[in-house]
Amino acid sequence: MGRKLDPTKKEKRGPGRKARKQKGAETELAKFLPPAGDEGGKRLSSRARKRAAKRRSESAGAPETKNLSPSPKPLTKGARQPPGKKGPQASGLKIANKPLLVPAKGKKRPAPPHSSDEEEDSEDNDAESEGDNWASLDSEDDMVDDYGVASEEETDEDDELLPIEKAAQKQRAQEAETLSQWSSEDSDDEEEAEQHSPKPKSKNDDEENGDLQINLDKDEKFVLPSGKEIEQENAQAPDLQSVHQRIQDIVGVLRDFGSQREEGRSRSEYLSRLRKDLATYYSYGDFLIGKIMDIFPLSELVEFLEANEVPRPITLRTNSLKTRRRDLAQALINRGVNLDPLGKWSKTGLVVYDSSVPIGATPEYLAGHYILQGASSMLPVIALAPQEHERILDMCCAPGGKTSYIAQLMKNTGVILANDANAQRLRSVVGNLHRLGVTNTIVSHDDGRHFPKVVGGFDRVLLDAPCSGTGIISKDPSVKTNKDEKDIKRCAHIQKELLLSAIDSVNAASKTGGYIVYCTCSIMVEENEWVVEYALKKRNVRLVPMGLDFGQEGFTHFREHRFHPTLRSTRRFYPHTHNMDGFFIAKFKKFSNAIPPSKKSDAAANPTNSTDSRLMDGPSSNKAQVVPQPKISPKLVKKTKQAGKAKVKLETRRTEVKLGAGKAEAKGKQQQQLLKKTVFKNGKQVHEGPRPPTARIPNSSQPPPWKKQKSQS
């Protein structure tokens, strides 16, 4: 096992390098230390004790270790100190007649001139006058050995420098010299420029120029282009710079139309010109740009269009089933990802500014610690607020981001039914659910409009309805031109059907649920407020707050349309105000499973109330007005009678013909029945029943009977 070390037999080695340097320190410091019993005196620090010993040795006639002066002069480059003295060395450079000190490695800088601040730092109470010259020695860098012994560490470092390190020192010195030359040349140029610079203008000249510029601005007004100018522009390629400038001018005129407008021009002319310019500059279709101009005021119109040209920031959602947001952020930061928390409203979101690695292929992503999801896609799930052990339906679930977020909030409890009508998109749903570790979800493929008949009785339903995509133009720029009014109406019709089926799939008697969240990635009123208004009329539901502190309220009136006042609880999100995709969210609460009767069924049950309002006379709505009938001449009566008689005759003839045809058909049927009664036995026809009247066929071998009689006679 080996022998144990006996510390008593260990040989003592001689003093080391530091011990040799500090030889005699204890005896020298003992002279200046206070007596042991004197506890009332001020206790000096180690630096103060060393400075006191140094001052005492100097007063006793000890040789100086440093050549100090109150106003040191910088040494020029290349100057050397006498070999007999050991002290600070520095290479001095002059920039603009001012010394620049560049200390060399391992050497000490000369002490700067003393100041009042350094006098306050002195801790010696016995000799204040001598402390002024030594105040600069407070820093450890400027201190030399207290007892006149040269620093061996510094000399050893200089001796041990490698050739490459020495070359680096020379290069630094050359760079400093060139910098000093450049700075001196710049200072000389500045002085010459100041000498030759013209005299400053007087205030009167500035005021006159300002007045002239203001007058010019007031006189110049924007003028709409004439017909010839428009034709020339259409014939040539559009100049986007001039079009953009004209857009700004038109917006400025419309903001102050009374004073800025051109005489003889109406507001509609300016709006039509603005509409064409916006469509040209931002590459929109005429239909969509008109819809956007109807939704946004002028102050937000250009901002919205500009925001659609810029992509939204990359956001990701932490999977709390596998990790925490703090740990995930630290792991991604270590991989070179610059990120921040998404906002106060989200406890799991992170926004990524830039990354040195592909954010969708990191080990954390493949392990299911996070998923790439837009900020606006997290809001519907937060509004739904799913609880544990509930039955939830995600009617349009692809690609699975919202479904996995619901499972995350439910902590993998309860049951989630993830449905989608597109089988190809369900592949991404299954892949994301497996990667994120979701185990409480059933994936189904069916049309959402069939769902109340297939499965029902859910506690909550999330409907992310298919839409026109006018809120995600930054992701899909093709929406600018390939959408028209038919597409909007088609989407609105499908959304109404899906929303009614989603409401019917919810159980109003649920203790914890009974909620439906409807959302779209569109900004069109036809796909949002109109659909919600339709559902409020067709089902026993009401709108409730969704628990989001930000977002703009939904429209309660749009142009000539008026909606239910509870639509204020819905929320709209725009890219230019919230820096996320355009989104609309509404939350319903179902208070009855009964379906209210429609107006058509009421009209069928009460036919008296379904009469035309034009036939009603004011307050007495139960009495119908008698419509006066026109008088008929006797000639018309005769003609009608004659025509009636002719029609009767024709009808009788037709009936007779039909009866005759019927009799012939009856005879034919009787004959067929008789023929059917014949039976074949042993290949011979045997007749059973009455014999049909058949013609007698004479035998060719025997003559007829009348010929026989003639021959006999």
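**Figure 1. G401 in helix 18 of the predicted model.** G401 has its place in helix 18, in a structure that is a predicted model. G401 counts as buried because its relative accessibility is 11%, and buried means under 20%. Leaving aside residues up to four places away in sequence, G401 touches R317, I371 and Q373. G401 is also one of the positions that UniProt lists under "binding site", in an unreviewed entry.

**Figure 2. G400 and the positions listed by UniProt.** G400 is found in the loop that runs between strand 7 (391-394) and helix 18 (401-410). The relative accessibility of G400 is 0%, so this glycine counts as buried. The "binding site" feature in the unreviewed UniProt entry comprises C396, C397, A398, P399, G400, G401, K402, D420, D447 and D464.

Figure 3. The loop between strand 6 (370-372) and helix 17 (375-384) holds G374. With a relative accessible area of 22%, G374 is partly exposed. G374 and P313 are 61 residues apart in sequence, while their C-alpha atoms are 8.5 Å apart in space.

**Figure 4. Burial of helix 17.** Helix 17 is largely enclosed by the rest of the structure, because nine of its ten residues are buried. The buried residues are A375, S376, S377, M378, L379, P380, V381, A383 and L384. Just after helix 17, A385 takes a positive phi of about 55 degrees.

**Figure 5. Contact of helix 17 with helix 18.** The axes of helix 17 and helix 18 cross at roughly 40 degrees and come within 10 Å. The two helices are therefore oblique to each other, and helix 17 passes helix 18 in a right-handed crossing. From helix 17, the residues S377, M378, P380, V381, I382 and L384 meet K402, Y405, I406 and L409 of helix 18. By class, this contact has eight nonpolar, one polar and one charged residues. An α-helix has 3.6 residues a turn, so residues three or four places apart point the same way. K402, which takes part in the contact from helix 18, is also among the positions listed by UniProt under "binding site" in the unreviewed entry.

**Figure 6. Packing of helix 12 against helix 13.** Helix 12 (residues 267-282) packs with helix 13 (residues 286-295) at an angle of about 120 degrees, and their axes are 10 Å apart. That angle makes helix 12 oblique to helix 13. The crossing of these two helices is right-handed. Helix 12 makes the contact through L271, L274, R275, L278 and A279, and helix 13 through D286, I289, G290 and M293. The residues of this contact divide into six nonpolar, one polar and two charged.

**Figure 7. E529 in helix 23.** E529 is found in helix 23 (residues 529-538). This glutamate is buried, with a relative accessible area of 0%. Apart from residues up to four places away in sequence, E529 touches G554, F555, F563, L567, R572 and F584.

Notes:
Residues numbered from 1 in each chain as written. Predicted model: local features only at pLDDT ≥ 70, side-chain atom pairs only at ≥ 80, totals over all residues. Heavy atoms only, no water. Helix = DSSP H or I, 4+ residues; strand = E, 2+ residues; numbered from the N terminus. Buried < 20%, exposed > 50% of the residue type's maximum accessible area, 1.4 Å probe, protein only. UniProt positions renumbered as here; feature names shortened; annotations may be inferred. Contact = heavy atoms within 4.5 Å. Axes fitted to C-alpha atoms, helices over the stretch in contact; angles between N-to-C directions. Parallel < 35°, antiparallel > 145°, perpendicular 65-115°, else oblique. Left-handed = near helix turned anticlockwise from the far one by under 90°. Nonpolar A, V, L, I, M, F, W, Y, C, P; charged D, E, K, R; others polar.
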